[in-house]
Amino acid sequence: MIKTTNFTEIDQRLADWEKSVDTSVGGLNTQVNDSKHFAGQIRRFCSYGMEFTNVRASGLSLQRQKKDSEDRDNQYFYLIHQAHGISKVQQEHSSATLQIGDMVLLDSNQPFLIEYPKEGHQYCFHIPRDLALNNWRYTRILTAKKVAADTDMASLVTPLLKKAAAVASTSPAGWKEDCLLNAVLSLLQPLFTQTRDRSKEYHSIYLQKAMTFIERNLNDSAIDAQVVANHLGISSRHLQRIFKTLDTSFSRLVREHRLSACASDLANPKLIHLDVTSIAFHWGFKDCAHFSRVFKDYYGLSPSQYRVKKATLS
């Protein structure tokens, strides 16, 4: 049965709504903006291995604050599709007003705000952060950037999302395969990532050689820009300019490669005998506390939480 909040007393309606939100998503605070029109329904579903939330709301706002980062749903990107009505979203320095058919992406690991000034209906698809980061490597993910319903790519994605919602089950024990998620991520990439000029990205043979050298020596904690530059026979400054073509820095790229390698080992059941510190040190991290902090910033979960989650899904 759908949990609804169409009751008489505002306090009771708010309590029921907050309970439904906590059950379906978690880590969100509700602000009643219009007590006269305040109402809401929310329920979480699963469709072919992809989870989503069906939201109907009016006269309220949902806010995720920085202090809520410990909650269970901070490991997702939320793909919001506006099915009916109007809503407003904000994250970091971006904001958007959504109308019927529009889409937007929000990062659950960062604060955001969703306002429902009037009756609105949304599908909120939960895209796992680790899967998105792996599929969209070396791109800048654009949050709170509206994709209008009348764009060509939106017209391709929308029918797939609607079909997924139409055949959804209330059981989270649906397909474990990532086939639908990977298909959606491929379609979403040109919409919600900042693409680069391929000619710039691969114009230099030095870049390709640098990437190969880094991958082969990723577990060497002593590797730095000067070591790679010396291997290539160029200056460290020249190397940094090359990495600027990727809209990144040498240190950031190495860190992200190491995090990806650590995440892969943490998810590998054959390496369960290795503790987190051993894995971090193997891939070149020198300080366990620093590793745990940057891992959580990147994946939305601590290394231990990430390992437990992957073990549960396997």
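Tutor: Angles under 35 degrees count as roughly parallel, over 145 as roughly antiparallel, 65 to 115 as roughly perpendicular and the rest as oblique. The model is predicted, with local features needing pLDDT of at least 70, side-chain atom pairs pLDDT 80 or more, and totals for chains, interfaces and linings using all residues. Residues are numbered from 1 along each chain as its sequence is written, and side-chain values use heavy atoms, without hydrogens and water.

Student: How are H6 and H8 oriented to each other?

Tutor: Helix H6 spans residues 205–216 and helix H8 residues 236–244. Their axes, lines fitted to C-alpha atoms over the stretch in contact, lie 10 Å apart at an angle of about 95°. H6 and H8 are therefore roughly perpendicular.

Student: Is H3 roughly parallel or antiparallel to H4?

Tutor: The axes of H3 and helix H4 (residues 179–192) come within 10 Å and cross at roughly 155°. Because of that angle, the orientation of H3 to H4 is roughly antiparallel.

Student: Which residues of H4 meet H3?

Tutor: H3, which covers residues 152–166, contributes Met-153, Val-157, Leu-160 and Ala-164. Their partners in H4 are Leu-180, Val-184, Leu-187, Leu-188, Pro-190 and Leu-191.

Student: How far is Ser-155 from Gly-101 in space?

Tutor: Ser-155 is itself part of H3. Although Ser-155 and Gly-101 are 54 residues apart in sequence, their C-alpha to C-alpha distance is 9.0 Å.

Conventions:
Helix = DSSP H or I, 4+ residues; strand = E, 2+ residues; numbered from the N terminus. Axes fitted to C-alpha atoms, helices over the stretch in contact; angles between N-to-C directions. Contact = heavy atoms within 4.5 Å.
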